[in-house]
Amino acid sequence: MRTSKYLLSTLKENPVEAAIDSHRLMLRAGLIRQIASGIYTWLPTGLRVLQKVSAIVREEMNKKGAIELSMPVVQPAELWRESGRYVKYGPELCRLKDRKQNEFVLGPTHEEVITAIARREIKSSRQLPINLYQIQTKFRDEIRPRFGIMRSREFIMKDAYSFHMDHASLEKTYDDMYDAYSRIFTRLGLDFRAVRADTGAIGGNHSHEFQVLADAGEDTIVFSDGSDYAANIEMAETIETAERPAPGAAYSKAATPGCHTVDEAAKALGLDANQVLKSLVVRTEADEDGKYELVMLCLKGNQELNEVKAGKVAGLSNPVIFATDEEIAAFTGSHTGSLGPVGFKGRVIVDKAADKMGNFACGANEDGYHLINVNWDRDVQGYEVADLRNVEEGDPSPDGKGRLHLRKGIEVGQVFMLGKKYSEAMNAVVMDENAVSVPMEMGCYGIGVTRVIAAAIEQHHDERGIIWPDAMAPFDVSIIAIKPGKCPEVHEEAEKLYKELEDLGVEVLYDDRDERPGVMFADAELIGIPHIITIGEKSLKDGQIEYKDRRTGEKTLVNKADIVTFIKGKLGRA
């Protein structure tokens, strides 16, 4: 591809709207352009990368026997009502009507559509197992799109759905997909971890996420230094080994005017923050009449509530809904910051770490006051204990091997065992060996194809631009001809090399513009082309051509007669 005939849309300045490196570099390198909030056009350079990623995903899926199809982005709302997700999915589900007032949604995922296909097309257990996939556009109406394509509203996903007669068959395909994903992300040159994960809005009872390690990640992943244990922080179990101290003096009330946080109360009382109880009030699930109760959740000090864990506690709203200030004041007579379990009239659930506290301080349920020397059982009875908090750096690993460490990650893929969640709801059944209709077991397997690209850039860049892993690079080689209009030898050599490499199937961006050398070098490095060849009058007089490795920055002078062989070796085609 000649640059003079190409849409090379690089930017010299950093876009003001970009908050993270991948967004900034994708805009500057001319990969994408925003057309509306969270909606992007993929320009030619970006599309080339997107096609490279899609090809690797497709190859590995096909190797595992998955079959490609294509489902519509616009889906009938009635399918989502069948599954029960039309309301439950929430405002991220974009709903619309056509001219006949028929209701539709823009698909954020395709479980409903694929289940409708399966119940129509799969009639016999002899057709199972089967795994169907697509690489398709999705739309989720994010409340706050940000970070470019990292959290956009429109994106491209590879989603696969498998159907099975029994759970053992589902487990086999799940393992196959886990293996395929590991191969995909390894081939793409990503530093990643597979971690246990919550199933979220997709549902099911078993899941792993594939997380690319990067400081810009929105997820926190947890892993042990003594085993292969790894999990999303939402799923990481806490292990408490401390012993609760014996109760001391009876509790008493202390004035803490203006204290609304754990740290403020601890300072006023002369205590360590870990000796102050944090009390939060949430709602239970609403009944048929919309009525709910208030429940107190208690944590130790400044430890953070894990809302996913809390949402799984029987009876609590899922997702967690916190009580309003007005509700709290009406129920307790006090406000947030002065709450505590002593005398609380509702259900009290205590985190496992907080349950090990003794002689602690907590809110007195009276504004401006705390209680000190409070103890469980003696002063608070009838409470429940549950795992409610996020794990912390250095906590013991749940498998008993080593200590836990926390890193930021970008989720690029997830695999689910859905079980019969959708097949039962939507009556997707087959006849078993006894001629009885049974719901099919299902699995679901997704890769954020567009997000993979942003994650790769977060891991692979420097101050000059993107450093693509070879498998994702939009072009293999950049040829930069220095002032070819003034030197016929440079023009002739550049044209000759360009043709030879193109004939070999090498993807070349030949910069034949009448530009300053500095501009051409800057564009090649910004775009992240792995191998840069510079042809200039001075080196040609010595029969040499300059080669630069984009990743290492190392430069090598190569005899012009050997340059093609040299490049083939760098590309692994020798």
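Predicted model: local features only at pLDDT ≥ 70, side-chain atom pairs only at ≥ 80, totals over all residues.

Student: Okay, helix 1 then. Which of its residues are buried?

Tutor: Ser 22, His 23, Arg 24, Leu 25, Met 26, Leu 27 and Arg 28 are buried. Buried means under 20% relative accessible area, exposed means over 50%, and partly exposed is in between, with a 1.4 Å probe and protein chains only. Helices (H or I, at least four residues) and strands (E, at least two) are DSSP runs, numbered from the N terminus.

Student: Why is helix 1 largely enclosed?

Tutor: Because seven of its eight residues, in the run 21-28, are buried. Those buried residues pack against several elements, including strand 1 (32-36), helix 11 (449-459) and helix 13 (517-527). Contact here means heavy atoms within 4.5 Å.

Student: And what follows helix 1?

Tutor: Gly 30, with a positive phi near 75°.

Student: Switching topic: how many salt bridges are there?

Tutor: The structure holds 43. A salt bridge is a side-chain nitrogen of Lys or Arg within 4 Å of a carboxyl oxygen of Asp or Glu.

Student: Which residue does Glu 507 pair with?

Tutor: Arg 48, with the closest N and O atoms 3.3 Å apart. Glu 507 is in the loop between helix 12 (488-503) and strand 27 (508-511), while Arg 48 is in helix 2 (residues 44-63), so the pair ties together parts 459 residues apart in sequence. Glu 507 is partly exposed at 26% relative accessible area, and Arg 48 is partly exposed at 21%.

Student: What about Glu 525 and Lys 548, how do their side chains meet?

Tutor: They form a salt bridge of 2.5 Å, N to O. Glu 525 belongs to helix 13 and Lys 548 to strand 29 (residues 544-549), so this pair links parts that are 23 residues apart in sequence. Glu 525 is buried, at 8% relative accessible area, and Lys 548 is buried too, at 16%.

Student: Which residues are linked with them in a network?

Tutor: The salt-bridge network joins Asp 462, Glu 463, Arg 464, Glu 525, Lys 548 and Arg 550.

Student: How many bridges join strands 17 and 18?

Tutor: Three, in the antiparallel sense, with strand 18 covering residues 369-374. Phe 360 has Val 374 of strand 18 as its bridge partner.

Student: Last one: at what angle do helix 12 and helix 15 cross?

Tutor: Roughly 40°, with axes that come within 11 Å; helix 15 is residues 563-570. Axes are lines fitted to C-alpha atoms, for helices over the stretch in contact, and angles run from 0 to 180 degrees between N-to-C directions.

Student: Which residues make that contact?

Tutor: Leu 497, Glu 500 and Leu 501 from helix 12, and Ile 563, Val 564 and Ile 567 from helix 15.

Methods:
Residues numbered from 1 in each chain as written. Heavy atoms only, no water. Pairing = 2+ DSSP bridges.
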